[in-house]
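I opened this model to look up how its parts are held together, and I kept notes in the order in which I went through them. The entries below follow that order.

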Amino acid sequence: MTLLAALFCSGAAGPPAGASGQAEDSHGKIGIRLLEAPVSRRDDPRARAYIVDHLSPGTTIRRRLEISNTSGDVQHIDLYPAGADIVRDRFTMARGRTPNELTGWVSLDRPSLDLPPGGRGAARVVIEVPPDASRGERYGVVWAQAVAEADAAHPVRVVSRVGIRVYLDIGRGGEPPSDFRIEELTPVRAPDGRPQLAALVHNTGARALDMSGSLSLSAGPGGLSAGPFAADLGVTLLPGAAAPVTVTLDRRIPDGPWKVELTLMSGMVKRTVSATVTFPRAGAGLPVPPDSSLLSLLGVIGGLVALLVAGAVLAVRLRRRRAAVG
């Protein structure tokens with residue numbers, strides 16, 4: 001029998017184990033982190049956790065990784081790439097060492113390393129994009145894996161692996177834009193009784209997004225305030241996709257009404273909206289549009305009105321000049 005424990009850095013604003021991009025397997029045996037990112041992305045938290053880049057065909061990049069042995073035993077650790085995809089709004093790793101097109105471009109300067117207890121070692125990932133590579137974004141994982149074979153004292157074979165996600169967009173010219181829109185907010189009562197806020201997020205850009213963020217409550221019953229509460233991680237949106245991003249609150253939070261302010265982000269793209277909601281006693285309440293959406297619409301309308309007024313004024317002035325000349 002084999003037990004697989006796998007963890008790869010997840011979350012949009014950075015990995016759960018810290019901004020350095022470190023991940024540790026659930027058995028506490030091995031860890032991995034990205035040691036470098038492109039200079040152009042030094043302010044992008046995703047690029048400090050994952051290999052995120054936009055490359056032209058024929059380009060080669062190199063990234064250094066640090067692998068650590070967090071156990072009390074010597075560990076033999078294998079290093080290899082494997083495929084991944086985004087399925088049902090989740091970054092989904094392929095089984096085992098299943099390849100895809102991207103993994104054919106990825107190599108490591110060493111296939112394995114042996115680390116003493118508490119030891120650390122480095123490896124370099126090389127990604128060589130073929131000159132004839134087609135446009136589009138590819139996904140993969142660079143894995144570090146340790147295996148504890150079954151024996152008389154431990155009848156279960158345990159495979160532990162940790163990895164770094166790869167988001168690689170291919171195409172000539174500048175990088176495609178990343179953007180999203182928060183379209184509606186729905187107050188929900190979870191089956192366990194905790195209030196939740198579900199935000200429908202639409203990826204309006206041309207690259208995949210990993211969503212994270214937080215929610216704050218104010219102007220509640222008796223003037224109460226609460227939060228911030230972190231958004232549930234794990235939602236990854238393909239370009240054009242829309243899915244709910246949920247924030248789960250403390251069950252002691254009163255029903256409301258509340259003024260809520262929600263900030264969501266993916267990398268350097270951040271959006272903040274607000275609304276007034278009341279959490280239902282059970283199930284889902286009615287979706288409400290964010291107040292900022294209405295303000296944005298009013299701003300657009302105001303801008304159009306201003307343009308029309310300016311156009312009308314200009315037309316009047318031109319007519320007066322022509323009349324004066326005549």
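**Entry 1: overall make-up**

I began with the secondary structure and found two helices and 22 strands in the protein, where helices (H or I, at least four residues) and strands (E, at least two) are DSSP runs numbered from the N terminus. This is a predicted model, in which local features need pLDDT of at least 70 and side-chain atom pairs count only at pLDDT 80 or more, while totals for chains, interfaces and linings use all residues. Residues are numbered from 1 along each chain as its sequence is written, and side-chain values use heavy atoms, with hydrogens and water left out.

I then looked up burial: of the 326 residues of the protein, 44% count as buried, buried meaning under 20% relative accessible area, exposed over 50%, and partly exposed in between (1.4 Å probe, protein chains only). For contacts, defined as heavy atoms within 4.5 Å, I noted that residues 24 or more positions apart account for 70% of those with a separation of 6 or more.

**Entry 2: salt bridges**

I counted a salt bridge wherever a side-chain nitrogen of Lys or Arg lies within 4 Å of a carboxyl oxygen of Asp or Glu, and by this rule the count comes to 21.

One of them joins glutamate 175 to arginine 41, with the closest N and O atoms 2.5 Å apart. This pair links distant parts of the chain, since glutamate 175 sits in the loop between β12 (157-170) and β13 (180-189) and arginine 41 in the loop between β3 (30-34) and α1 (45-49), 134 residues apart. Glutamate 175 is partly exposed at a relative accessible area of 36%, whereas arginine 41 is buried at 9%.

I next looked up aspartate 210, which forms a salt bridge with arginine 46, the closest N and O atoms being 2.9 Å apart. Aspartate 210 belongs to strand β15 (residues 209-210) and arginine 46 to helix α1, so this pair ties together parts that are 164 residues apart in sequence. Aspartate 210 is buried, with a relative accessible area of 2%, and arginine 46 is buried as well, with 7%.

**Entry 3: glutamate 137**

Which residue forms a salt bridge with glutamate 137? I found arginine 207, with the closest N and O atoms 2.7 Å apart. The two belong to distant parts of the chain, glutamate 137 in strand β11 and arginine 207 in the loop between β14 (195-203) and β15, 70 residues apart. Both residues are buried, and for glutamate 137 the relative accessibility is 17%. Salt bridges that share partners join Arg41, Asp44, Asp53, Arg63, Glu137, Glu175 and Arg207 into one network.

I also checked polar contacts, that is, pairs of N or O atoms within 3.5 Å; within protein, one must be able to donate a hydrogen and the other to accept it, and residues adjacent in sequence count only if both atoms are side-chain atoms. Such a contact of 2.9 Å joins the side chains of glutamate 137 and tyrosine 139, and the side chain of glutamate 137 also reaches the backbone nitrogen of alanine 208 at 2.9 Å. Leaving aside neighbours within four places in sequence, I listed Tyr167, Leu168, Asp169, Arg207 and Ala208 as the contacts of glutamate 137.

**Entry 4: pocket and cavity**

I searched on a 1 Å grid over the protein atoms alone, where a cavity is a set of points where a 1.4 Å probe fits but cannot get out, a pocket is an open set with protein on both sides within 12 Å along at least five of seven lines, and lining residues have an atom within 4 Å of a point. Grid points are joined across faces, edges and corners, and a volume is the space filled by probe spheres set on the points.

About 200 Å³ of space lies in the largest pocket. Of the 16 residues that line this pocket, the closest to its centre are Arg41, Asp44, Arg46, Glu175 and Ser178.

The search of the whole structure finds one cavity of 30 Å³ or more, and the largest cavity has a volume of about 30 Å³. Its lining consists of Pro81, Ala82, Leu102, Thr103, Val106, Gly140, Val141, Val142 and Val166. The largest share of that lining, three residues, comes from β11.
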